[in-house]
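You asked for some comments on this structure. They follow as numbered points.

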Amino acid sequence: MSSNLRVIRRKKSSLSEVKIVLFGAPGVGKSALTVRFLTKRYIGEYDHHGDQPPYKYELMVDSEPVLFELLDTCAKTAGELPSTKTLDWADGFLLVYSITDRESFSYIKRLHAHISQWRREAGPAATAPMVLVGNKGDMIHLRQVGYEEGEILARDMECLSFREVSASEQVTEVAEAFNDLCREVNNHRRKSKQSLLDRVLGGRGGLRVYARGKSDSALPKD
Ligand SMILES: Nc1nc2c(ncn2[C@@H]2O[C@H](COP(=O)(O)OP(=O)(O)OP(=O)(O)O)[C@@H](O)[C@H]2O)c(=O)[nH]1
């Protein structure tokens, strides 16, 4: 029985938790992408009533279990920008525009300025990585934003990746956008842990030198 307990504990401790927030102008498909990723289904009309608590879902990424918390934000107008509280909450940002809606692309540019300002004010703690997604890729006949424009904006914003996807038609490509973000959050955590460890070990090294000095001086003089 105790060995079973040990197995359960080990499984729990390997579960990483990743909080992702989706930002974008109204109607770009944030809810459709969220539902597609979490359930693999496409829901055409999603009844979104204002701010809702994040969805919690356990999924596998690279054969490792991840507890996702997804916050599907709902801007009431194309002028509304996210609060500092929401920016602080997330480990990663998924920025969405629609390739059929140039105004939604402009919204991402305004959002970029807003996030940059937040990073400047919040300092080194504000490190959440971002991915940029151009949704409604199935509607190329109504395209208003070119693929290259998305690529350039993603580069300017130092996004981890850029993809054109279709929540209505694609499963794997949509999942990969979320998975990219999840991998980067975990990479970042590993790096932070390592640099903390390096600092602690560096400190101990200093102590070791001090201790040696002390014990040397305690040696008998002759
Ligand atoms: N053709 C097509 N339509 C899509 C796609 N994704 C979403 N839609 C449609 O776009 C509309 C808006 O989708 P939502 O998922 O509600 O968009 P949202 O960004 O969550 O909207 P808000 O909640 O108002 O912010 C719906 O009618 C969806 O069916 C897509 O990939 N292709």
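1. Which helix gives the most to the shell around the ligand? Helix α2, residues 30-39, does so, with three residues. Please keep in mind that the model is a predicted one.

2. The shell around the ligand counts 21 residues, and those that come nearest are Gly-29, Lys-30, Ser-31, Ala-32 and Ser-168. Sorted by class, the shell holds nine polar, eight nonpolar and four charged residues.

3. Helix α4 runs over residues 102-122, which is 21 residues. From first C-alpha to last it reaches 30 Å, close to the 30 Å expected at 1.5 Å a residue. Just after α4 comes Gly-123, with a positive phi of about 80°.

4. Which residues of α4 are buried? They are Ser-104, Phe-105, Tyr-107, Ile-108, Leu-111 and Ile-115. An α-helix has 3.6 residues a turn, so residues three or four places apart point the same way.

5. The opposite face of α4, turned away from the buried side, carries the exposed residues Ala-113, Gln-117, Arg-120 and Glu-121. As for what covers the buried residues of α4, the elements include the strands β1 (16-23) and β4 (92-98) and the helices α3 (84-89) and α5 (147-156).

6. The largest nonpolar core has 47 residues. Ile-20, Leu-94, Leu-95 and Leu-132 are the members with the most contacts inside this core. At least two core residues are supplied by each of β1, α2, β3 (64-72), β4, α4, β5 (130-135), α5 and α6 (172-217). Helix α6 gives the largest share, six residues.

7. What is Ile-20 in contact with, leaving aside its neighbours within four places in sequence? The contacts of Ile-20 are Phe-68, Leu-70, Ala-90, Asp-91, Gly-92, Leu-94, Phe-178 and Leu-181. Leu-94, one of these, is also listed among the residues with the most contacts inside the core.

8. In sequence, Thr-172 and Lys-40 are 132 residues apart, yet in space their C-alpha atoms are 8.9 Å apart.

Methods
Residues are numbered from 1 along each chain as its sequence is written. This is a predicted model: local features need pLDDT of at least 70, side-chain atom pairs count only at pLDDT 80 or more; totals for chains, interfaces and linings use all residues. A residue is near a molecule or strand if its C-beta atom, placed from the backbone, lies within 6 Å of it. Helices (H or I, at least four residues) and strands (E, at least two) are DSSP runs, numbered from the N terminus. Ala, Val, Leu, Ile, Met, Phe, Trp, Tyr, Cys and Pro count as nonpolar, Asp, Glu, Lys and Arg as charged, and the others, Gly among them, as polar. The expected span of a helix is 1.5 Å times one less than its number of residues. A residue is buried if 20 or more other C-beta atoms lie within 10 Å of its own, exposed if 12 or fewer, and partly exposed in between; C-beta atoms are placed from the backbone. Two residues are in contact if their C-beta atoms, placed from the backbone, lie within 7 Å. A nonpolar core is a set of buried Ala, Val, Leu, Ile, Met, Phe, Trp, Tyr and Cys residues joined through C-beta atoms within 7 Å.
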